[in-house]
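Q: I would like to learn how to read the features of a protein model, going from the whole chain down to single residues. Could you take me through them in that order?

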Amino acid sequence: MAPRKALPAKKPSRKLTHADAAGKAKMVSVGEKPETLRVAIAVAVVRMSAATLALIQSNTAAKGDVLAVARVAALAGLKRTSELIPLCHPVRVVGSDVDLVADAAVPGVRIRCRVEAFDRTGVEMEAMMGASVAALTVYDMVKGVERGVTIEALGLQAKSGGRSGEWRRPAAR
């Protein structure tokens with residue numbers, strides 16, 4: 001069956017879609033929506049001391065290669081989104097990229113998770129799950145040397161596909 005063309009972009013609804021008229025949680029039906037390419041990018045920042053970041057950069061953290069393990073954890077996590085977020089539909093992920101960059105200016109690790117799917121619903125939650133699982137994994141791997149590490153700035157950076165079309169977070173001022 002050939003994919004249908006995407007409908008024109010529409011304005012986001014001003015009401016919550018995962019609750020019925022009585023306020024009970026419900027899973028939104030996506031059965032009538034066309035299958036289109038959906039892409040989402042989420043970001044997060046893991047802030048830590050310069051000394052802890054140096055351990056990551058030199059690959060001398062006691063638990064091993066922090067960035068490599070966090071990358072794999074992100075990929076595993078994004079594929080399990082519908083199991084952990086109750087009202088998320090399972091989606092057919094067709095591609096993903098996870099970038100973890102040590103940034104001395106933070107100091108910390110910048111995370112970017114991009115997810116692609118060809119499906120009837122978006123992959124924003126999968127991208128957010130990937131970025132958050134990567135961030136939690138970085139924390140887990142360095143908590144033995146620094147308990148005060150924080151996870152900050154988790155958020156959707158961009159999405160495309162579906163009726164709502166493209167969205168991009170406005171640049172910070």
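The dialogue below goes from the overall layout to strand pairing and then to individual residues.

Q: Which secondary-structure elements does the chain have, and what pattern do they follow along the sequence?

A: This is a predicted model, and its secondary structure comes to 4 helices and 5 strands. Read along the sequence, these elements follow the pattern β-α-α-α-β-β-α-β-β.

Q: What can be said about burial, surface and contacts for the chain as a whole?

A: Of the 173 residues in the chain, 36% are buried, while the accessible surface comes to about 10300 Å², with 57% of that area belonging to carbon and sulfur atoms. Among contacts between residues at least 6 apart in sequence, 74% join residues at least 24 apart.

Q: Is Thr-36 buried or exposed, and why?

A: Burial is judged by relative accessible area, with the cut-off for buried at under 20%. Thr-36, which is found in strand S1, has a relative accessible area of 9% and is therefore buried.

Q: Which polar neighbours does the side chain of Thr-36 have?

A: A polar contact of 2.7 Å joins the side chain of Thr-36 to the side chain of Arg-38. A polar atom of the Thr-36 side chain also lies 3.4 Å from the backbone nitrogen of Gly-162.

Q: Why does Val-94 count as exposed, and which residues does Val-94 touch?

A: The cut-off for exposed is over 50%, so Val-94, at 54% relative accessibility, counts as exposed. Val-94 lies in strand S2 (residues 93–103) and, not counting residues up to four places away in sequence, touches Glu-116, Ala-117 and Phe-118. Val-94 and Glu-116 are 22 residues apart in sequence, yet their C-alpha atoms are 5.6 Å apart in space.

Terms used
Residues are numbered from 1 along each chain as its sequence is written. This is a predicted model: local features need pLDDT of at least 70, side-chain atom pairs count only at pLDDT 80 or more; totals for chains, interfaces and linings use all residues. Side-chain values use heavy atoms; hydrogens and water are left out. Helices (H or I, at least four residues) and strands (E, at least two) are DSSP runs, numbered from the N terminus. Buried means under 20% relative accessible area, exposed over 50%, partly exposed in between (1.4 Å probe, protein chains only). Contact means heavy atoms within 4.5 Å. A polar contact is a pair of N or O atoms within 3.5 Å; within protein, one must be able to donate a hydrogen and the other to accept it, and residues adjacent in sequence count only if both atoms are side-chain atoms. Accessible areas come from the Shrake-Rupley method with a 1.4 Å probe; for residues, only the protein chains shown count as cover.
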